[in-house]
Amino acid sequence: SATRGRFHPMKIFDAEATRQALPFRPLVDALARMFVTGCEVPLRHTHAVQADDGSAGTVLIMPAWRSADYLGIKTVNVFPGNAQRGLSGLFATYVLYDVHTGEPLALIDGNEITSRRTAAASALAASKLARPDARRLLVVGAGRVASLLPEAYCAVLPIDEIAIWARRPEAAEALAESLRARGIDATAAADLPHTAARADIVSCATLATEPVVHGEWLRDGSHLDLIGSFTPQMREADDACFRGASLYVDTDEAPQKSGELLGPISRGVFARADIRGTLAELCSGRAAGRADAAERTVFKSVGNALEDLAAAAMVYEGAISRA
């Protein structure tokens with residue numbers, strides 16, 4: 001439960017401290033518990049910001065709280081013009097408060113919270129949906145979230161063969177090299193269709209607006225994890241990826257937000273009623289996971305403030321327990 005701020009001055013966790021506080025196996029477990037117990041997640045606020053020098057940005061404000069202990073607010077600032085300044089286009093912060101008093105408990109790096117809980121949510125879904133003996137992982141993408149997926153998946157499944165594919169081969173090679181330096185055996189994949197056809201799990205974390213993965217490549221018994229498409233314009237998988245597959249989502253928001261689902265639904269590939277369950281339903285046992293070894297499963301996530309709150313609470317409580 002929340003510890004009153006008067007006993008513990010507000011703690012500050014930079015990117016490195018946040019990363020250290022969120023190892024994947026405990027984080028996956030923390031997400032599973034939060035999906036079972038639930039929390040309040042209002043609709044996020046979105047605001048356009050205009051500065052007097054002509055630069056423009058978007059501010060996303062994402063609150064969540066649990067009546068027993070914590071209130072958290074993530075602020076995400078998206079400023080596309082930052083590329084010209086040599087800065088990242090996105091900055092995020094997370095502030096954790098005591099829900100009883102409103103006292104601030106911690107200021108936490110929001111980029112680390114977001115990327116690590118995103119990878120952990122995919123691993124949590126795979127622990128329910130992938131074959132328990134899944135060992136070959138293909139990561140499509142080479143960005144921040146993609147770089148974390150191998151470690152997250154290795155925390156929950158017996159993964160021993162990891163391939164990375166990216167539009168820019170040099171990006172895939174650089175990520176594979178950095179994973180090997182961290183003791184994770186990974187190689188860059190040159191042939192996407194061939195590598196996808198061998199994979200037990202294909203996990204996509206790209207900003208693609210056209211399908212990158214095609215259903216005809218995917219083998220029986222495989223699990224497809226789709227992270228990238230969080231707007232109606234974005235898409236990573238073609239319609240064939242969904243045909244004949246068991247489809248799950250992270251939350252009920254996914255079919256309203258993601259081009260991954262909106263497009264196929266509009267074309268009659270599947271109906272909303274065909275979605276087998278959410279992460280909350282999978283974690284609580286209200287939805288069944290994989291039925292047999294030959295079943296093909298698909299998981300689509302768009303992210304949720306519940307996951308941020310679970311991660312932030314884990315960061316804070318870890319620090320308190322060590323104090």
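Strand S7 (residues 136-140) and strand S10 (residues 201-204) pair in the parallel sense over four bridges; helices (H or I, at least four residues) and strands (E, at least two) are DSSP runs numbered from the N terminus, and two strands pair if DSSP finds at least two bridges between them. The model is predicted, so local features need pLDDT of at least 70 and side-chain atom pairs count only at pLDDT 80 or more, while totals for chains, interfaces and linings use all residues. Residues are numbered from 1 along each chain as its sequence is written, and side-chain values use heavy atoms, with hydrogens and water left out.

Cys204 in turn stands opposite Leu226 in S11, and S10 and S11 pair in the parallel sense over four bridges. S11 and S14 also pair in the parallel sense over four bridges, with Leu224 opposite Val298 of S14. These strands belong to an open sheet of eight, in the order S9-S8-S7-S10-S11-S14-S12-S13, with parallel pairing. Its edges are strand S9 (186-188) and strand S13 (277-278), each of which pairs on one side only.

Helix H3 (residues 110-129) touches strand S11 (223-226), strand S12 (246-249) and strand S14 (297-300), and its direction makes about 155° with that of S14. Contact here means heavy atoms within 4.5 Å; axes are lines fitted to C-alpha atoms, for helices over the stretch in contact, and angles run from 0 to 180 degrees between N-to-C directions. Helix H4 (residues 144-154) lies across S7, strand S8 (161-165), S10 and S11, running at about 160° to S7.

In a regular strand the side chains alternate between the two faces of the sheet. Both faces of S11 are covered: His223 and Asp225 are buried on one side, and Leu224 and Leu226 are buried on the other. Buried means under 20% relative accessible area, exposed over 50%, and partly exposed in between, with a 1.4 Å probe and protein chains only.

H3 also meets helix H10. The axes of H3 and H10 come within 9 Å and cross at roughly 110°. The two helices are therefore roughly perpendicular to each other; angles of 65 to 115 degrees count as roughly perpendicular, under 35 as roughly parallel, over 145 as roughly antiparallel and the rest as oblique. Ile113, Thr114, Arg117 and Ala121 of H3 make the contact with Glu307, Asp308, Ala311 and Ala312 of H10.

H10 (residues 305-322) has 18 residues and reaches 26 Å from its first C-alpha to its last, close to the 26 Å expected at 1.5 Å a residue; the expected span is 1.5 Å times one less than the number of residues. H10 is mostly covered, with 15 of its 18 residues buried. At its start, a side-chain oxygen of Asn304 reaches to within 2.9 Å of the backbone nitrogen of Leu306.

The loop between S11 and S12 holds Asp238 and Asp239. Asp238 is buried, with a relative accessible area of 15%. Its side chain makes a polar contact with the side chain of His214 (3.1 Å). A polar contact is a pair of N or O atoms within 3.5 Å; within protein, one must be able to donate a hydrogen and the other to accept it, and residues adjacent in sequence count only if both atoms are side-chain atoms. Not counting residues up to four places away in sequence, Asp238 touches Pro211, Val213, His214 and Gly215.

Asp239 counts as buried at 14% relative accessibility. A polar contact of 2.5 Å joins its side chain to that of Arg235. Leaving aside neighbours within four places in sequence, Asp239 is in contact with Pro264, Arg267 and Val269.

Pro264 is one of the buried residues of helix H8 (residues 259-266), together with Gly259, Glu260, Leu261 and Gly263. What covers the buried residues of H8 includes S11, S12, helix H7 (254-257) and S14. Ser258 caps the N-terminal end of H8, with a side-chain oxygen 3.0 Å from the backbone nitrogen of Glu260. H8 is followed by Gly268, whose phi is positive, near 75°.

A further open sheet has six strands in the order S1-S6-S5-S4-S3-S2, with mixed pairing. Strand S1 (11-13) and strand S2 (45-50) stand at the edges with a single partner strand each, so one side of each is left without a neighbour in the sheet. Strand S4 (residues 70-78) and strand S5 (residues 90-98) pair in the antiparallel sense over nine bridges, and Leu71 stands opposite Tyr97 of S5.
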